[in-house]
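Dear colleague,

I am handing over the structure we spoke about, and I would be grateful if you could look through it alongside the notes that follow.

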Amino acid sequence: MATSRTRVISQSKALFVGPTGIAANVASGYIPDQLHRIDTFSFDIDIAGARQDIREFGQLARIASVTMSDINPSLSFGYYLLNGENEARLGFNDDGIDHTGPLSQFVSGIISEDPNKKVKNIYVLTTKEGQDAFNTGQLIKPAVRALSDVVSFGNVTFNSYTANFSVGDIPRVDIEGEASNVLFTTGTYSGFNNPSINQDGAPQAGTVSVAAMGGHDGAFVGPSTGDVAFPVLKPDDITITFSNPTFEMGGTNFSDMHVQSASVEVPLSRTNIDALGSARPVAKPLDFPIDVTFSFSSLLKNFESGSLDVVLTGTAGDETTDITLTIGDEGKTPTNEFKLVGAQLDSQSFSQGLDDNETVDLTFSAQIGAPDTITQGIFYSGQFDGVVDATGGTHNYTI
């Protein structure tokens, strides 16, 4: 039975992520991990795009419609960058701020087709109208549970990851992805079916609860603001360094700029592999090569000598630099580090207006290599050092 609301606002929302494979050994089900500091979420289901009208001579209108391709609902969400917890739970590789061993690509688990990292389930809880989703004291009440709904997205693959940094703005991340199935559950937040499906379209086993009684101490497990020591990160705690600050072609000194904004974009486009006899794609592998871009917009201070013709006559076009963007917390302790290794300069754009400061926009790119390639690609380290359950077999509770 559908719940009765006048409207739905962000107050009543909470977002969760978990594996597609879930152990089916309790009634209420597996509790997925919560994603924190979410501030945007949207999804779209294009049914018409998968249909084909059947028409023939003798009739103006179609005589039937058949579904000829897979329906892949799209979803996107954004959050304030924290300590790497969200990244780790979403399947991205986190080497850790204090990491001392060999690095691994940011998307190493996705590249290697790790089934626990390349695909996820996403859950969106909506509580009763006027109810904070984080108010566990109310959420535990049966009457509130009966007025709660969950929208579940099965077999989600992520198509892009973008981190944005700007003067005066809180550092944030935006993610886009697509799912293979959407399950709408009304009147409860526990004991609903696993939304993931197999290649034939049949549902996978297991049940899910985004909130439940249980745990080691028998306490109520539900959404919260998390246990991160700081509310958000700030732009004044960002440091950007270049291993090679100048190139032979000249232009500007990369390490001698007043950077106004920066962004890290990791595209993860995929191409479906279809086969006769299968209603759904047999695989959704990544498209290679993957070119990660690091873009900057800065106030120009000084020019560097050089000549563009060396790109054509020499090897200056192959010059590279390592770019490191580090963010600290309120106490300046590093919480996140993005490192683009073997980056080439793609463009320099200079702009000057009347009585305005001259600006320069720089775009660097590097190609992601194998998971253990360390000479080029994108690497990430976060402060988060918790354990991510990848199998769906340990977070089971009853309610």
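**Salt bridges and the main pocket**

The count comes to 9 salt bridges, a salt bridge being a side-chain nitrogen of Lys or Arg within 4 Å of a carboxyl oxygen of Asp or Glu. Please bear in mind that this is a predicted model, in which local features need pLDDT of at least 70 and side-chain atom pairs count only at pLDDT 80 or more, while totals for chains, interfaces and linings use all residues. Residues are numbered from 1 along each chain as its sequence is written, and side-chain values use heavy atoms, with hydrogens and water left out.

One of these salt bridges joins Arg 5 to Asp 149, with the closest N and O atoms 2.8 Å apart. Because Arg 5 lies in the segment before β1 and Asp 149 in strand β9, the pair ties together parts that are 144 residues apart in sequence; strands (E, at least two residues) and helices (H or I, at least four) are DSSP runs, numbered from the N terminus. Asp 149 counts as buried at 12% relative accessibility, whereas Arg 5, at 24%, is partly exposed; here buried means under 20% relative accessible area, exposed over 50%, and partly exposed in between, with a 1.4 Å probe and protein chains only. The side chain of Asp 149 also reaches the backbone nitrogen of Gly 187, at 3.1 Å.

A second pair, Glu 85 and Arg 89, has its closest N and O atoms 3.1 Å apart, and both residues lie in helix α1 (residues 85–89), 4 residues apart, or about one turn of the helix. Glu 85 and Arg 89 are both buried, and together with Asp 33 they are linked in a network of salt bridges.

As for open space, the largest pocket has a volume of about 560 Å³. On a 1 Å grid over the protein atoms alone, a pocket is an open set of points where a 1.4 Å probe fits, with protein on both sides within 12 Å along at least five of seven lines, and lining residues have an atom within 4 Å of a point; the volume is the space filled by probe spheres set on the points, which are joined across faces, edges and corners. The lining comprises 28 residues, with Ser 10, Lys 13, Ala 14, Ile 38 and Val 124 nearest the centre of the pocket, and its largest share, 5 residues, comes from β4.

With best wishes

Note on methods: A polar contact is a pair of N or O atoms within 3.5 Å; within protein, one must be able to donate a hydrogen and the other to accept it, and residues adjacent in sequence count only if both atoms are side-chain atoms.
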